Amino acid sequence: MSSLALAVRDSSTMLRRNLLHARRYPSLTLNLLLTPIMLLLLFVYIFGDAMSAGIGGGGADRSDYVAYLVPGVLMMTIGGTTIGSAVSVATDMNEGIIARFRTMAIHRGSVLIGHVVGCVLQCLLSVILVGVIALAIGFRSTDATVLEWIAAFGLLVLFSLALTWIAVGMGLISPNAEAASNNALPLIFLPLISTTFVPLDAMPGWFQPIAEYQPFTPAIETLRGLLLGTEIGHNGWLAVAWCLALTVLGYFWSKASFNRDPR
Amino acid sequence: MPSSDIPTSRPGNGRPSPAAIATVGLRKSYGDKTVLDGIDLHIPAGSVFALLGPNGAGKTTAVKILSTLITADGGQSQVAGHDIATSPDKVRAAIGVTGQFSAVDGLITGEENMLLMADLHHLSKREGRRVSAELLERFDLVDAAGKPAQSYSGGMKRRLDIAMTLVGNPRIIFLDEPTTGLDPRSRHNMWGIIRELVSDGVTVFLTTQYLDEADELADRIAVLDNGKIAAEGTADELKRLIPGGHVRLRFSDPAAYRSAASALHDVARDDEALTLQIPSDGSQRELRFILDRLDSAGIEADELTVHTPDLDDVFFALTSGSSSAQPKEAVR
């Protein structure tokens with residue numbers, strides 16, 4: 001078997017294993033979904049009037065704020081779901097079965113690839129679930145063209161892939177599940193200090209660079225533009241660049257951590 | 001170049017005996033703690049080799065290195081004819097490993113674990129099902145096959161572990177303390193399983209801290225102590241290293257005790273316990289000699305026991321030097 005065929009076959013076996021875990025023990029993924037859903041409902045139904053009044057210069061009603069909020073919450077959903085990936089990688093690495101995999105003549109990277117592909121699929125499923133809730137509370141993206149929809153989907157996949165590789169790296173350097181969920185905290189913290197809830201120019205000047213120079217803000221702005229037709233500007237390229245950089249960084253980091261002698 | 005200059009071949013006209021596992025000068029340390037300090041092994045194919053040692057002697061480290069899980073700091077090792085450092089994947093294709101802590105996926109069922117192994121060995125779907133059903137049957141796991149492996153008892157987990165190892169039909173199997181933590185029945189089951197493997201011609205590299213286990217199963221035994229091989233040989237060869245065979249006579253009557261002590265030569269007396277120890281190899285001839293002496297003196301002992309040196313004696317004699325290192329470990 002050629003090494004590529006071997007890699008594909010072993011990785012899909014590992015993916016099946018991870019999906020089996022996720023299907024049999026869905027509570028981890030579902031728990032992580034609570035944060036974005038709660039924040040979505042909180043900011044729409046509790047703070048919604050004040051937020052839209054503040055942002056829209058007083059004129060906007062609550063449905064405008066729903067439209068503004070949802071793209072950020074979708075990206076936050078991805079961040080939250082990847083924390084689960086960090087936790088499950090850290091848990092997995094403490095299992096004897098991983099030692100067994102390491103002593104088998106299988107594609108070396110298949111363990112990690114299985115985790116990554118599984119997590120990206122879970123991210124997309126989570127995004128769909130949160131998206132359905134968003135639709136139920138009044139979010140509409142009817143102005144977007146099919147092309148923009150496809151681009152939005154591509155962005156969600158790319159962003160999931162980037163954060164997952166980083167989360168896998170975080171999971172690999174964590175000695176246990178607790179440490180992994182602590183180490184992966186930035187993945188849910190960064191979207192809170194991005195443009196998820198308010199635009200950049202509504203933030204204090206000293207804080208704007210913090211919100212601007214991180215992966216969530218350009219990704220959210222791009223998604224918002226694709227779904228709602230707002231200005232994307234340079235954010236599109238920035239988002240893609242962030243995704244590619246994080247993917248490459250996370251990939252090499254994870255690979256190096258995994259190839260190190262196990263504890 | 002004269003053939004004697006080639007280190008891998010034996011001098012003379014014979015080919016080197018086919019070694020399943022061969023190591024020269026294997027070394028490993030963690031920080032400044034040396035775990036393996038130059039280990040040489042030559043394990044012929046089709047044999048059972050036991051690496052015996054107290055906790056912390058480096059047994060698991062040796063298994064981890066030879067099974068390509070971790071890398072050595074020094075030395076050369078060949079497993080199934082392949083260098084572990086330069087062609088680990090060829091080694092991996094030939095071996096199976098069952099670790100000290102069961103290497104099963106607890107979240108999925110026993111059968112799913114087996115099918116996972118079948119997939120990773122690239123068996124066809126039908127072949128995978130056949131092999132997995134066969135092994136589940138052989139290891140008495142059919143009833144439990146549909147339950148998550150984490151619900152299994154220790155003995156069942158260990159059986160599933162070995163069954164998973166056998167899916168790939170490995171020629172060399174590493175068993176790292178396969179019976180640690182098992183109850184006596186499961187332990188004997190495991191011994192039966194290991195003997196079956198051997199009758200199939202598999203080479204078994206076993207680590208254990210139980211002397212009876214090594215005695216029971218292994219063709220050759222190496223005693224590992226403080227990262228070095230303290231002794232190596234068959235169980236009988238090791239036992240011969242240690243004097244200590246004796247006949248022990250116990251008396252309740254002090255008068256009989258005293259007359260026996262004078263009737264027999266070369267006895268070690270224990271006046272408090274009224275027992276005598278006579279060095280003996282336990283042979284029929286020596287026993288008859290002792291009994292004849294007692295009979296002709298009209299003495300009857302209350303109890304006679306024959307003690308032949310066992311691996312325990314060997315083990316304690318060979319590893320006693322490590323007692324000075326014990327307090328250090330206790331601090332850890």
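Trainee: Among contacts in chain B between residues at least 6 apart in sequence, what percentage join residues at least 24 apart?

Mentor: A contact means heavy atoms within 4.5 Å. In chain B, 68% of the contacts between residues at least 6 apart in sequence join residues at least 24 apart. Before we go on, remember that this is a predicted model, where local features need pLDDT of at least 70, side-chain atom pairs count only at pLDDT 80 or more, and totals for chains, interfaces and linings use all residues. Residues are numbered from 1 along each chain as its sequence is written, chains are lettered from A and ligands numbered from 1 in the order in which they are written, and side-chain values use heavy atoms, with hydrogens and water left out.

Trainee: Thanks! How many helices and strands does chain B have?

Mentor: Both are DSSP runs numbered from the N terminus: helices are H or I with at least four residues, strands are E with at least two. Chain B has 12 helices and 14 strands.

Trainee: In what order do the 4 strands of the open sheet stand?

Mentor: Strands of a sheet pair through backbone hydrogen bonds, either parallel or antiparallel. Two strands count as paired if DSSP finds at least two bridges between them. In chain B, the order is β2-β1-β4-β5, with antiparallel pairing. Strands β2 (33-44) and β5 (82-83) of chain B are at the edges with a single partner strand each, so one side of each has no neighbour in the sheet. Inside this sheet, β1 (residues 19-30) and β4 (residues 74-79) of chain B share 5 bridges, and B:Thr23 stands opposite B:Ser77 in β4(B).

Trainee: Which residue takes a positive phi in the hairpin of β9(B) and β10(B)?

Mentor: Look at B:Asn226, with a phi near 50 degrees; the hairpin has 2 residues between its strands. Strands β9 (residues 220-225) and β10 (residues 228-233) of chain B are antiparallel, over 5 bridges. The bridge partner of B:Ile221 in β10(B) is B:Gly233.

Trainee: Now the two chains: how many salt bridges does the rule find across the interface of chain A and chain B?

Mentor: A salt bridge is a side-chain nitrogen of Lys or Arg within 4 Å of a carboxyl oxygen of Asp or Glu. The rule finds 5 across this interface. The side chains of A:Asp261 and B:Lys28 form a salt bridge at 3.6 Å, N to O. As for contacts, 27 residues of chain A touch 33 residues of chain B in that sense.
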